[in-house]
Amino acid sequence: MQRATSVVRKAAVKQDRIVETLTLDHEDRNRRRVALKGDGGRDILLDLDKATALNDGDAVKLEDGSLVLIKAAAQKLIEITAENPLRLSRVAWHIGNRHTPAEITANAIYIEHDHVLAEMIRGQGCAMSEVERPFQPERGAYDHDHADCGHDHGHDHHGHEHGHDHGHSHAHSHSHADAHAGHSHDHGQEHHHTPEHAHGASCGCGHDHHHDDHGHKHDHGHHGHEHGHKGHKHDH
C-alpha cells in the first residue's frame, strides 16, 4: 500500500505525474487518514497531517513523487431553487446559520439530505428536487492550508526584506560607535593656538570653545561632557 502524504492543488497538478485516480464523495474528500482503493485498483493510504478538503481536480502526492488525481463522485443531493434571488438568499442565510455544508451557484443551492432543513426550506416558499451530481460545498472564508497551490507565497522575499532592514540598523549602530570612539581628550597639556586657528562655528574641530578669566572650557555637544581646565597656559 502506497502512502499519500501531501496535497497538490489543481493549478499545480502535472498531468505527466498522475499514476492513479481516486473518485470520492464529499465525506471521503475531507479525511486525514483513511485507506482507499484507486479507480485502477491501486491501494492507497491517505496519511495527511490534518483533515484537508480535497476538491475535484486536486491531487495527493505519493512518497515516490507521483500523483493520484482526485475526482468528485456524483452523489444524491437536494437542489433548492426560488422564484427570485431575494428568496433564495434568505434560504441561504438560514442554511448558513445552521452551519450546514452548501454549494451555492447562481440559480440554485445544493445540500445533502436533511429532513429538518427540508421542512424549513418548504416554509420559506422554495422548491426542492432530488438530483445526483458532485458535491463541492463552499469552504470557510478563513480556511487556508499550505498545500502546493502553484504560486509563490513570498516567504523568501519577506525574509530578505527583514535581513536588509536589520543590516542597515547594525550598520548605523557601528558607525555611531565609531564616531564616539574617534574623539580624544588631552587634558593636562598646554594648548597653543596660532592665529590661523580661529575657534568658532566654522573652525572644523567640532567643539565650541569659550574663553574666560578662569580657564578653558570645552563644550562637547555630542557627548554631553563638560571639561573645565584651570591653570592652563594659553598662547594666542
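Two strands are taken to pair if DSSP finds at least two bridges between them, where strands (E, at least two residues) are DSSP runs numbered from the N terminus. The model is predicted, so that local features need pLDDT of at least 70 and side-chain atom pairs count only at pLDDT 80 or more, whereas totals for chains, interfaces and linings use all residues. Residues are numbered from 1 along each chain as its sequence is written, and side-chain values use heavy atoms, with hydrogens and water left out.

On this basis, 6 bridges join β2 to β6 (residues 67–72), the two strands running parallel, and Thr21 stands opposite Leu69 in β6. Both strands belong to an open sheet of 6 strands with mixed pairing, in the order β2-β6-β5-β1-β4-β3. Because β2 and β3 (33–37) stand at the edges with a single partner strand each, one side of each is left without a neighbour in the sheet. From one strand to the next the twist averages 35 degrees, with axes fitted as lines to C-alpha atoms and angles running from 0 to 180 degrees between N-to-C directions.

The loop between β1 (2–8) and β2 (18–24) contains Arg9, which is buried (under 20% relative accessible area, 1.4 Å probe, protein chains only), its relative accessible area being 10%. A polar atom of the Arg9 side chain lies 2.9 Å from the backbone oxygen of Ala53.

Conventions: Helix = DSSP H or I, 4+ residues; strand = E, 2+ residues; numbered from the N terminus. Buried < 20%, exposed > 50% of the residue type's maximum accessible area, 1.4 Å probe, protein only. Polar contact = N/O pair within 3.5 Å; in protein donor to acceptor, adjacent residues only side chain to side chain.
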